[in-house]
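Biologist: I would like to go through a model feature by feature. Please give the general idea each time, then the case at hand.

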Amino acid sequence: MAEISRLPGPVMDLWEWQFDGACRDADQDLFFHPEGERGSARRRRAEAAKAICASCPVLNECREQSLAVREPYGVWGGLSEDERAAVLAERAGRRVMA
C-alpha cells in the first residue's frame, strides 16, 4: 500500500486563503506597473496597492507565497519587486552566516 502521508494536501486547502484577499475586488492594474512607468507615478501606484494590502487578512500568506515562488512582478503581500528581492537577499545572508 502506498504511503500517502507525504503527499501534498488537496489543492483547495493550499490556496483557499486567496479567497480572503483584500485585492480580489480591486483593480488588478493597481498591483502591476505598466511598461515604462517610472518615478513618482510608479511610487504612487505601488503605495495605493500597498494600502489595500495593509488591511488584508491574508497579508502574511500572500507575502510568504510570493517570496517562496520568487514572484518577479507586482505588489504581493504589501511588498514591491525590489522589496521582495531585499527580503530574499537578507534571508540568504542569514543562512550563509548561520
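**Reading the model**

Modeller: Along its sequence, the protein follows the pattern α-α-α-α. The model is predicted.

Biologist: How many helices and strands does the secondary structure come to?

Modeller: The secondary structure comes to 4 helices and 0 strands. Helix H1 spans 11–15 and helix H2 spans 39–54, while helix H3 covers 59–68 and helix H4 covers 81–97.

Biologist: What percentage of the residues of the protein count as buried?

Modeller: Of the 98 residues, 24% count as buried. The term buried stands for under 20% relative accessible area, exposed for over 50%, and partly exposed for what lies in between.

Biologist: Let us turn to charged side chains. How many salt bridges does a search of the whole structure find?

Modeller: The general idea is that side chains of opposite charge can pair when their charged atoms come close. In this structure the search finds 6 salt bridges. One of them joins the side chains of Lys 50 and Glu 47, at 3.7 Å from N to O.

Biologist: How are Lys 50 and Glu 47 placed in helix H2?

Modeller: Lys 50 and Glu 47 are about one helical turn from each other, because they are 3 residues apart in helix H2. Glu 47 counts as partly exposed because its relative accessibility is 47%. Lys 50 has a relative accessible area of 16%, so Lys 50 is buried.

Biologist: Which side chain meets Lys 50 in a salt bridge of 2.8 Å?

Modeller: That is Glu 83, with the 2.8 Å taken from N to O. Lys 50 belongs to helix H2 and Glu 83 to helix H4, so this pair ties together parts that are 33 residues apart in sequence. Glu 83 has 30% relative accessibility and therefore counts as partly exposed. Taken together, Glu 47, Lys 50 and Glu 83 are linked in a network of salt bridges.

Biologist: Which residue forms a salt bridge with Arg 91?

Modeller: Arg 91 pairs with Glu 64, and their closest N and O atoms are 2.9 Å apart. This pair links distant parts of the chain, with Arg 91 in helix H4 and Glu 64 in helix H3, 27 residues apart. Arg 91 is partly exposed because its relative accessibility is 27%. Glu 64, at 37%, is therefore also classed as partly exposed.

Biologist: Next, the aromatic rings. How many aromatic pairs does the structure hold?

Modeller: A pair is read from the distance between ring centres and the angle between ring planes. The structure holds 2 aromatic pairs. Trp 15 and Trp 17 form a tilted pair, 6.5 Å centre to centre with 35 degrees between the planes.

Biologist: Is Trp 17 buried or exposed?

Modeller: Trp 17 counts as buried because its relative accessibility is 18%. Trp 15 has 33% and so counts as partly exposed.

Biologist: What geometry does the pair of Phe 32 and Trp 76 have?

Modeller: Phe 32 and Trp 76 form an edge-to-face pair, 6.1 Å centre to centre, with 75 degrees between the planes. The pair links distant parts of the chain, 44 residues apart: Phe 32 is in the loop between H1 and H2, and Trp 76 is in the loop between H3 and H4. Phe 32 is partly exposed because its relative accessible area is 32%. Trp 76 is at 27% and therefore counts as partly exposed as well.

Biologist: Now the surface. Which residues form the nonpolar patch with about 290 Å² of accessible area?

Modeller: A nonpolar patch groups neighbouring nonpolar side chains over 30% relative accessible area. Here Val 11, Leu 14 and Trp 15 form the patch, and the area of about 290 Å² is for the three together. Trp 15 lies in helix H1.

Biologist: How far apart are Phe 19 and Val 58 in sequence and in space?

Modeller: Phe 19 and Val 58 are 39 residues apart in sequence and 9.2 Å apart in space, C-alpha to C-alpha. Phe 19 lies in the loop between H1 and H2. The relative accessible area of Phe 19 is 47%, so Phe 19 is partly exposed.

Note on methods:
Residues are numbered from 1 along each chain as its sequence is written. This is a predicted model: local features need pLDDT of at least 70, side-chain atom pairs count only at pLDDT 80 or more; totals for chains, interfaces and linings use all residues. Side-chain values use heavy atoms; hydrogens and water are left out. Helices (H or I, at least four residues) and strands (E, at least two) are DSSP runs, numbered from the N terminus. Rings of Phe, Tyr and Trp (its six-membered ring) pair if their centres lie within 6.5 Å; planes under 30 degrees apart count as stacked, over 60 as edge-to-face and the rest as tilted. Buried means under 20% relative accessible area, exposed over 50%, partly exposed in between (1.4 Å probe, protein chains only). A salt bridge is a side-chain nitrogen of Lys or Arg within 4 Å of a carboxyl oxygen of Asp or Glu. Patches are made of residues with over 30% relative accessible area and no salt bridge: like charges are joined within 9 Å, nonpolar side chains (Val, Leu, Ile, Met, Phe, Trp, Tyr) within 5 Å. Accessible areas come from the Shrake-Rupley method with a 1.4 Å probe; for residues, only the protein chains shown count as cover.
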